[in-house]
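I opened my notebook to go through one chain, piece by piece. Here is what I looked up.

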Amino acid sequence: MKTLNLHCDYIKFKALKPALKDIEELFPKQKLEGNSKDCLVVMVAVEKEDSLESVAKLIENVKDIAGQVKAENIVLYPYAHLSSNLGKPKIAIEILSEAKKKLEKDFEVISAPFGYYKEFELKVKGHPLSELSREIISGKDVEADLSDEERERMLREISKSKLDTSKLKDNDHRVIGRKLDLWSFNSVAPGMVFWHNKGLHIKNKLIELWRELHRTAGYQEISTPQVMDRKLWEISGHWSKYGENNFKTSYEGRDFLVKPMNCPGGMLVYKTSPKAYKDLPLRVGEIGVVHRVELSGVLAGLFRVIQFTQDDAHIFCNEKQLEDEVKRIIDLINKTFSYFGLEFDHVELSTRPEKRIGNEKGWDMAEEALENILKKTKMKYKINAGDGAFYGPKIDFHLKDSLGRTWQCSTIQLDMALPERFDLVYSDEKGVEKRPIMLHRVVYGSIERFIGIITEHLNGKFPLWLSPNQIKVMTLNDSVNSYAKEIYQKLFDEGFMVELDDRNESIGKKVREASIERFNYMITVGDKEKEEGVIAVKVRDGKDIEKYSLNEFVLKLKNEVKERR
C-alpha cells in the first residue's frame, strides 16, 4: 500500500463519472462530494499484496502523522495514480471501509468516493511535514529458492523495458533517449537510470565542465559515503523530519540512512581540522549520488527520479564576505548555462517562512544581503514571500528553454541551521571562536533532470563537445572499406565519438539513419575521396558538402570541442 499524506488548509472533491462500470454494485451509497478544513488528506493506493491485515499498519501511520501535524480531521482519498501494482477493487473497498471505521474512534473522518473519476481542489500547508509519502509493507514470507520455471518467469518480467510512447511527444527526452540509445529504465530499479554508453558520455562531459569551472573558481572537491549512521541524520534533522522519505537500512544492530543529500557529510569534513579566518571563504563541492523515496506513480523519466546526482557545494564565509560569494555563485551559474543557450526567465528571492529557526536579526541580515546582491547585479527578480527554507532565505533561478518552458535548476540557500547543529566554528583575528555563515548551492541541480531538460531544449542535437554521436563515417562502396577504416581509426584514436557504417546499403539510407541519430558530422567516402586522399564532410542540418584532408578536419574538430561551440 502506498500513501501520500497532505496536511491541508482545505480540500474539496466531487465525483464526475464512474471509473469502474460496476462500482455502484460493489460500493453502493457512497457520498459523491465533500469537503474538509484543516485536515490530513491521506491519498491511498491499495496494492495486490494488501489485505485486511494491512489496516492496522495504515491506522498506525495515519495516527503517527496526524499526531505530528496535530490534525483532528482525516480525509481518506482513494488515489490509484500512486501505484502501478493495484489490488482488486473489492479488497481495496474492504480495507478503506475498515480503516475509516477504526479511525472514526479518534478523528472526524470523511471518505472520497472509490471507483470514480473525481475533480478536487486542495491547499497544502507550507511546512516540512505537510507532504509525506509512506509505503506500507504487508508481512508476507518470501520463498528462499526458485524453481526453474519461476526463475525463467521472473527473468522475462525483469527483462522488459518497453517504453509506451503513445502519450509522449517526439521531442520527449524518453523518446530521444531510446532513438539515440542513451538510457533506459526498468522496473527492477524504479526511478533509477540505466545509463548506456552514449548517455553516460553526456553525463561525464557535464561533470567535466563542472569540475573545470569549479577548479577555476577556487573550489575544492570532496566525496562522502553513500550510507551513514542514524546519529548523523538525527543531528542534521533529516531522521525526524523526513525519515519516511528516506531509504533506511541496518548493520550490526545500528540504523543507517542511504544519503538523501550531501550536506551532513560535508559538515563532518569541515570538522576534521581547525579553521581560522584565513581559511575563509572555503568553497567545497561534491558531485554526490543521493536517494529520496518517491511514489512510483509520480516518476517521470529523468525529470522525477529516486536516485540522482546532485552538484552540491557549500561555501563557508563570514558576514563581510557573504555578498561577494553570492555574486561569484551567480557569475558561475551564468557562465555554466551560456554553454547550452539557456537564459534566465526570472529569479525569485524566497523570504522567511512562518515556521523557521534562528533570530530576527539573523534573518534580516540574510535577506538584506541576498536582495542587495540581486539589485547590484541588476537581475530581474520577484519576492516569493514566506517560501524560504526553514533554515534560511534562498534565491531560485528559473531557466527558459527553446520550447518556452521554465525550469528551476540552480538555487542559492543561506543556511543558519547546520553550522549551529554541527557546531561549526573558526577562529577570528583575535583567536575568538566564531560561527561561519554557510551557503548551499547547486548549479545543474539534479544532473539527471538537467540532461532531460537540455535533451528536449536541443531536441537531441547536442553540440560537438557534448554529443555522444559526433561523427559517422559512411562508405559508398566496398572498394573503399579499408580507407574508411583508416579514417575511423584516426578519429577514434584522437578521442572522438565516431562510428563506421560500411554496410552494403545505399548511401541515402545511411545518411538518413545518421540524421535521425543526430550525428554532428557525416563523412562519405568513395573512390574519388580515396584517390585524392580527402574526406567529404556534411554538417548536421546542412546541405553543402566540403572536402578536407583528415588532419585539417581533426584540427577543426579539436578547436570546436575546446571552445565548446
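**Entry 1: helix α14**

I started with α14 and found Asn481, Tyr483, Ala484, Ile487 and Leu491 buried. Buried means under 20% relative accessible area, exposed over 50%, and partly exposed in between (1.4 Å probe, protein chains only). I noted that helices (H or I, at least four residues) and strands (E, at least two) are DSSP runs, numbered from the N terminus.

The arc is that of the directions from the helix axis to the C-beta atoms. On the other side of α14, I found Glu486 and Asp493 exposed.

Next I checked the length. α14 covers residues 481-493, which is 13 residues. From first C-alpha to last it reaches 18 Å, close to the 18 Å expected at 1.5 Å a residue. The expected span is 1.5 Å times one less than the number of residues.

What covers the buried residues of α14? I listed strands β22 (471-475), β23 (498-501), β24 (521-525) and β25 (535-539), and helices α16 (527-532) and α17 (550-562), among them. Just after α14, glycine 495 takes a positive phi of about 95 degrees.

**Entry 2: the model itself**

I wrote down that this is a predicted model: local features need pLDDT of at least 70, side-chain atom pairs count only at pLDDT 80 or more, and totals for chains, interfaces and linings use all residues. Residues are numbered from 1 along each chain as its sequence is written, and side-chain values use heavy atoms, with hydrogens and water left out.

The chain has 17 helices and 26 strands. Of its 565 residues, 48% count as buried. The C-alpha trace spans about 90 × 75 × 50 Å along its principal axes. I also looked at contacts, meaning heavy atoms within 4.5 Å. Among contacts between residues at least 6 apart in sequence, 76% join residues at least 24 apart.

**Entry 3: helix α17**

In α17, the buried residues are Leu550, Phe553, Val554, Leu557 and Glu560. Seen down the axis, they fall within an arc of 125 degrees, so they line one face of the helix. The face turned away carries Asn551, Leu555 and Lys562, which are exposed.

What covers the buried residues of α17? The cover includes β22, α14, β24, β25 and β26 (545-548). α17 has 13 residues and reaches 18 Å from its first C-alpha to its last, close to the 18 Å expected. Arginine 564 follows α17, and its phi is positive, near 50 degrees.

**Entry 4: α6 against α13**

Two packed helices are described by the angle between their axes and the distance between the axes. I looked up both values for one pair. The axes of α6 (residues 197-216) and α13 (residues 447-457) come within 11 Å and cross at roughly 110 degrees. That makes α6 roughly perpendicular to α13. Angles under 35 degrees count as roughly parallel, over 145 as roughly antiparallel, 65 to 115 as roughly perpendicular and the rest as oblique. Axes are lines fitted to C-alpha atoms, for helices over the stretch in contact, and angles run from 0 to 180 degrees between N-to-C directions.

Which residues make the contact? From α6 come Ile202, Lys203, Leu206 and Ile207. From α13 come Ile447, Glu448, Phe450, Ile451 and Ile454. They divide into seven nonpolar, no polar and two charged. Ala, Val, Leu, Ile, Met, Phe, Trp, Tyr, Cys and Pro count as nonpolar, Asp, Glu, Lys and Arg as charged, and the others, Gly among them, as polar.

**Entry 5: loops**

Lysine 380 lies in the loop between α11 (360-376) and β16 (381-384). Lysine 380 is exposed, with a relative accessible area of 62%. Leaving aside neighbours within four places in sequence, lysine 380 is in contact with Asp345, His346 and Val347.

Proline 281 lies in the loop between α9 (263-270) and β13 (282-291). A cis peptide bond joins leucine 280 to proline 281, with omega about -5 degrees.

Is arginine 518 buried or exposed? Arginine 518 is buried, with a relative accessible area of 10%. Arginine 518 has a positive phi of about 60 degrees although it is not a glycine.
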